[in-house]
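Here is a short tour of one model, written for someone who likes cut-offs stated plainly. Please keep the viewer open as you read.

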Amino acid sequence: MMFYIVGGAVRDALLGKDPHDYDIVVEGSSVQEMLDHGFIQVGKSFPVFLHPKTKMEFALCRKEIKTGDKHTDFEFTWDGVTINEDLDRRDFTMNALACPCHVDLETGEISLKINGEYAKSISDCYITDNCGGFQDIRNGIIRAVNPEHFIEDPLRVLRACRFAAQLDFFIEPETKKLLKDMVDQGMLDHLSRNRIFQEMEKAMQPGCNSSQFILEMRECGALKRLFPELDLLFENAENTKWHYTGNTGMHVMLALDVVKDYSADICAATLYHDQYKPIAYKLTKEA
């Protein structure tokens with residue numbers, strides 16, 4: 001049984017940030033062994049467990065098999081799945097990273113060790129990186145791990161745009177093409193409103209470049225598909241005497257930049273503060 005810290009915690013540590021939470025995966029174990037150690041299984045078809053004391057989540061290494069159009073339509077297999085196979089199913093190279101760790105099964109305490117010595121940080125440890133994630137993090141690149149598997153989850157379109165805004169990274173061309181293709185194929189129609197709202201809310205948090213999120217969404221076509229009222233703002237020309245940006249959409253983007261460090265509520269209000277301007281302009285001109 002081997003334990004690994006994976007995904008965002010490793011990425012954030014390499015960026016010099018303190019991880020907010022840890023995703024732990026377990027290699028070389030089984031459902032029964034996890035239960036024998038006192039872990040509590042969450043769901044019957046999903047190999048995720050809670051430690052009985054800390055309630056931290058642990059997931060078995062797994063593969064995913066697409067079964068439908070929704071981002072939740074997957075079946076899972078985990079018998080004999082390795083950490084390398086688990087990382088290959090992930091979305092972006094910057095998230096396909098794993099750091100081995102030690103877990104005290106009794107207390108649930110997690111520690112980092114190198115050759116028996118305790119390490120202070122994930123960045124000091126040996127990190128499994130089979131997809132070039134470390135280099136992409138250094139270069140500020142968002143890149144799909146496996147194009148074939150990437151397109152199976154439409155939520156990744158929004159996640160790519162949100163990560164670009166949060167981390168100030170850029171989406172490399174091939175991945176950007178994948179996003180556009182997924183939008184053109186109507187895959188976003190299968191996303192629930194709740195998941196769309198969650199990604200939007202994360203992109204409106206203090207410190208996040210919310211305007212970049214909107215612009216990335218617009219470039220790949222997702223804004224027009226999910227928020228046509230916002231996409232329309234970019235087509236509404238304004239008098240450059242009052243708004244030098246030339247259209248309402250870019251004016252709103254500048255306003256978002258001003259409130260970048262304010263609450264999500266203020267950012268959302270700013271995003272929609274000129275929503276009805278195209279209608280007002282049309283009525284005024286026609287009148």
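## L97 and its surroundings

Leaving aside neighbours within four places in sequence, L97 is in contact with I5, V6, G7, V10, L14, L87, I127, T128, D129, G133, F134 and I137, where contact means heavy atoms within 4.5 Å. L97 sits in the loop between α3 (83-88) and β8 (98-103). Helices (H or I, at least four residues) and strands (E, at least two) are DSSP runs, numbered from the N terminus. With 0% relative accessibility, L97 counts as buried; buried means under 20% relative accessible area, exposed over 50%, and partly exposed in between, using a 1.4 Å probe and protein chains only. P206 lies 109 residues from L97 along the chain, and the C-alpha atoms of the two are separated by 27 Å.

A word on conventions: this is a predicted model, so local features need pLDDT of at least 70 and side-chain atom pairs count only at pLDDT 80 or more, while totals for chains, interfaces and linings use all residues. Residues are numbered from 1 along each chain as its sequence is written, and side-chain values use heavy atoms, with hydrogens and water left out.

## Helices α9 and α12

How do α9 and α12 pack, and at what angle? Helix α9 (residues 210-220) meets helix α12 (residues 248-258) at an angle of about 150°, with the axes 8 Å apart. Axes here are lines fitted to C-alpha atoms, for helices over the stretch in contact, and angles run from 0 to 180 degrees between N-to-C directions. The two helices are therefore roughly antiparallel to each other; angles over 145 degrees count that way, under 35 as roughly parallel, 65 to 115 as roughly perpendicular and the rest as oblique.

On the α9 side the contact uses S210, S211, I214 and L215, and on the α12 side M250, M253, L256 and D257. By class, that makes 5 nonpolar, 2 polar and 1 charged residues. Ala, Val, Leu, Ile, Met, Phe, Trp, Tyr, Cys and Pro count as nonpolar, Asp, Glu, Lys and Arg as charged, and the others, Gly among them, as polar.

Also in α9 is E216, which counts as buried at 11% relative accessibility. Beyond its neighbours within four places in sequence, E216 is in contact with C161, A164, I171 and K176.

## The buried face of α13

Helix α13 (residues 264-271) has A264, C267, T270 and L271 as its buried residues. Seen down the axis of α13, they fall within an arc of 125°, so they line one face of the helix; the arc is that of the directions from the helix axis to the C-beta atoms. Their cover includes α8 (193-203), α9, α11 (228-231) and α12.

## Cysteines

A search of the whole structure finds 0 disulfides, a disulfide being a pair of cysteine sulfur atoms within 2.5 Å. For C161, the nearest cysteine sulfur is that of C220, 4.3 Å away. C161 is buried, at 0% relative accessibility. For C208, the nearest is the sulfur of C267, at 8.5 Å, and C208 is buried too, with a relative accessible area of 4%.

## Two positive phi values

Which residues other than glycine have a positive phi? One is K55, with phi near 65°, in the loop between β4 (48-50) and β5 (57-60). K55 is partly exposed, with a relative accessible area of 47%. Another is D168, with phi of about 60°, in the loop between α6 (155-167) and β13 (170-171). At 60% relative accessibility, D168 counts as exposed.
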